[in-house]
Amino acid sequence: MMKKRKTEWRVIVGRATGILVLLGGMLLAVGLCDAAAPPDYSVPSIFDPRSTPAESIYRLSHFVLAITGLIFLVVFTLLTYAVIKFRRSPGDDKREPAQVYGSTQIELAWTIIPILIVVVLFLATARVIHAIQDAPKPATALEVTAIGHQFWWEFRYPALGIVTANELHVPVSSPAHPAPTFLKLLSADTDHSFWVPQLAGKTDLIPNRVNDTWIDPRQTGVYLGQCAQYCGTQHAKMLLRVSVDSPEDFDAWVRAQSQLANQDTKETAGRRVFETTACINCHAISGTAATGRFGPDLTHLMSRQTIASGAAENTTENLHTWIQNPDAIKPGSLMPAMKLSDPDLDALVRYLETLR
Ligand code: HEC
Ligand SMILES: [Cu+2]
């Protein structure tokens with residue numbers, strides 16, 4: 001008898017240690033991620049908010065985690081208690097224990113308590129959604145229209161007459177000088193979702209519907225995001241960059257973007273290649289015959305750090321590869337391989353590189 005009891009205890013202690021080690025490991029992993037996260041913008045974390053909507057979501061998530069954490073602790077403790085207290089004992093007569101039916105008190109308790117918890121979570125969430133969606137738009141707010149395409153982002157600044165792609169520029173905001181950006185979200189083809197974790201929650205871009213969201217980033221820098229709704233083959237390479245600029249930098253960017261494309265280019269051969277091939281059906285370059293809107297506006301291509309929605313850095317080599325065969329960088333992208341001769345391709349890339 002004594003011996004059997006001992007082995008049972010050993011099993012229980014062994015299992016409990018296993019569970020504790022697992023939980024400890026999880027906590028350690030979370031701790032490590034958290035410690036490494038803050039200054040590194042390459043890992044966008046919802047736990048490092050830099051704008052009011054993201055901040056409200058972050059606080060709500062703490063509240064929800066606290067409540068669900070508490071539920072977990074209570075349930076886990078009761079479970080552990082029951083498992084140990086009511087385990088099979090020596091001399092067990094193998095009969096079924098007494099069954100309890102129809103305890104009104106217990107029924108009421110396990111109906112009302114969960115309802116109360118759900119109501120509290122619902123109210124807290126509804127409050128945050130309301131605060132974000134119905135935030136008043138100040139007269140000074142910057143307005144941007146973001147249009148989702150398979151598989152890139154078009155950004156239009158109607159009041160400033162600027163059209164660009166994939167890299168959104170907005171001014172930094174502060175309590176003393178609030179400069180929020182309000183985004184109108186549209187789609188040219190299918191569902192996409194605008195998500196920059198440190199700035200705001202996800203908002204979908206849906207064909208034939210206008211959605212909106214807003215951000216008021218409080219710190220300059222580049223914030224990364226991603227299309228968060230599966231929209232086709234290259235959904236995963238539909239990345240987003242938001243450059244939050246100081247007021248001076250933002251004004252300088254606006255001034256540069258408002259210019260027509262560089263006209264006095266010496267790269268006339270490359271420009272001729274561009275203007276006499278299908279490029280102009282899909283791309284626009286202001287001040288030229290190219291007015292296509294199927295692909296990104298190339299007027300100030302070289303002001304962008306990346307091409308193809310963040311899929312590659314904007315370098316001479318990558319431009320070559322991209323125009324030669326877009327699938328090499330982004331398989332399934334909707335730009336066809338243009339099959340140009342090598343001299344034409346070289347000239348074309350030299351021309352594109354004058355588009356500052
Ligand atoms: C059938 C339409 C189409 C044609 C023709 C076309 N493109 Fe594109 N192009 C696109 C699309 C769509 C994208 C965006 C692809 C993506 O990111 O998924 C793109 C992206 C690009 C980009 C990257 C822009 C950026 O900021 O990300 C460059 C550069 C480019 N095209 C140059 C050209 C040149 C040069 C030609 C002519 C030799 C050309 N394209 C012909 C549709 C086209
Ligand atoms: Cu998408």
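# Helix packing and loops in a predicted model

Student: Let's start with helix H7 (residues 316-324) and H8: at roughly what angle do their axes cross?

Tutor: This is a predicted model, and we can read the geometry from it. The axes of H7 and H8 come within 10 Å of each other. Their crossing angle is roughly 125°.

Student: What about H5 and H8: how are they oriented to each other?

Tutor: The axes of H5 and H8 come within 7 Å and cross at roughly 100°. Angles of 65 to 115 degrees count as roughly perpendicular. That makes the arrangement of H5 and H8 roughly perpendicular.

Student: Which residues of H8 make the contact with H5?

Tutor: From H5, the contact involves Ala269, Gly270, Arg271, Val273 and Phe274. Their partners on H8 are Asp344, Ala347, Leu348, Arg350 and Tyr351.

Student: Why do the buried residues of H5 lie on the same side of the helix?

Tutor: In H5 (residues 268-276), the buried residues are Gly270, Arg271, Val273 and Phe274. They lie on the same side of H5 because the arc they cover around the axis is only 155°. An α-helix has 3.6 residues a turn, so residues three or four places apart point the same way. The value that decides the matter for H5 is the arc of 155°.

Student: Which residues are exposed on the other side of H5?

Tutor: The buried residues of H5 pack against helix H6 (279-282) and helix H8 (342-352). On the other side of H5, the exposed residues are Thr268 and Thr276.

Student: Now to H2 and H3: are they roughly parallel or roughly antiparallel?

Tutor: The axes of helix H2 (residues 52-85) and H3 come within 10 Å and cross at roughly 175°. On the H2 side, the residues that meet H3 are Pro53, Ser56, Ile57, Leu60, Phe63, Val64 and Ile67. On the H3 side they are Ile117, Leu121, Ala124, Thr125, Val128, Ala131 and Ile132. Angles over 145 degrees count as roughly antiparallel, and H2 and H3 are therefore roughly antiparallel.

Student: Is Lys94 buried or exposed?

Tutor: Lys94 is in the loop between H2 and H3, and has a positive phi of about 65° although it is not a glycine. Because Lys94 has 5 of them, Lys94 counts as exposed.

Student: And Ser309, is that residue buried or exposed?

Tutor: Ser309 also carries a positive phi, about 60°, although it is not a glycine. Ser309 sits in the loop between strand S11 (306-307) and strand S12 (312-313). Because 24 C-beta neighbours lie inside 10 Å, Ser309 counts as buried.

Student: Which residue does a cis peptide bond join to Gln150?

Tutor: The omega of this bond is about 0°.

Student: How far apart in space are Leu334 and Trp152?

Tutor: Leu334 belongs to the loop between H7 and H8. With 17 other C-beta atoms within 10 Å, Leu334 is partly exposed. Leu334 and Trp152 are 182 residues apart in sequence, while their C-alpha to C-alpha distance is 9.9 Å.

Student: What separation do the C-alpha atoms of Ala135 and Asp204 have?

Tutor: Ala135 is in the loop between helix H3 (104-133) and strand S1 (142-149). With 16 C-beta neighbours inside 10 Å, Ala135 counts as partly exposed. Ala135 and Asp204 are 69 residues apart along the chain, and their C-alpha atoms are separated by 18 Å.

Student: Finally, what radius of gyration does the protein have?

Tutor: The protein has 8 helices and 12 strands, and its C-alpha trace spans about 95 × 50 × 35 Å along the principal axes. Buried residues make up 26% of the 356 residues. A compact globule of 356 residues would have a radius of gyration near 21 Å, but for this protein the value is 29 Å.

Terms used:
Residues numbered from 1 in each chain as written. Chains lettered and ligands numbered in written order. Predicted model: local features only at pLDDT ≥ 70, side-chain atom pairs only at ≥ 80, totals over all residues. Buried ≥ 20, exposed ≤ 12 C-beta atoms within 10 Å, placed from the backbone. Helix = DSSP H or I, 4+ residues; strand = E, 2+ residues; numbered from the N terminus. Arc of directions from axis to C-beta. Contact = placed C-beta atoms within 7 Å. Rg over C-alpha atoms; globule rule 2.2 N^0.38 Å. Axes fitted to C-alpha atoms, helices over the stretch in contact; angles between N-to-C directions. Parallel < 35°, antiparallel > 145°, perpendicular 65-115°, else oblique.
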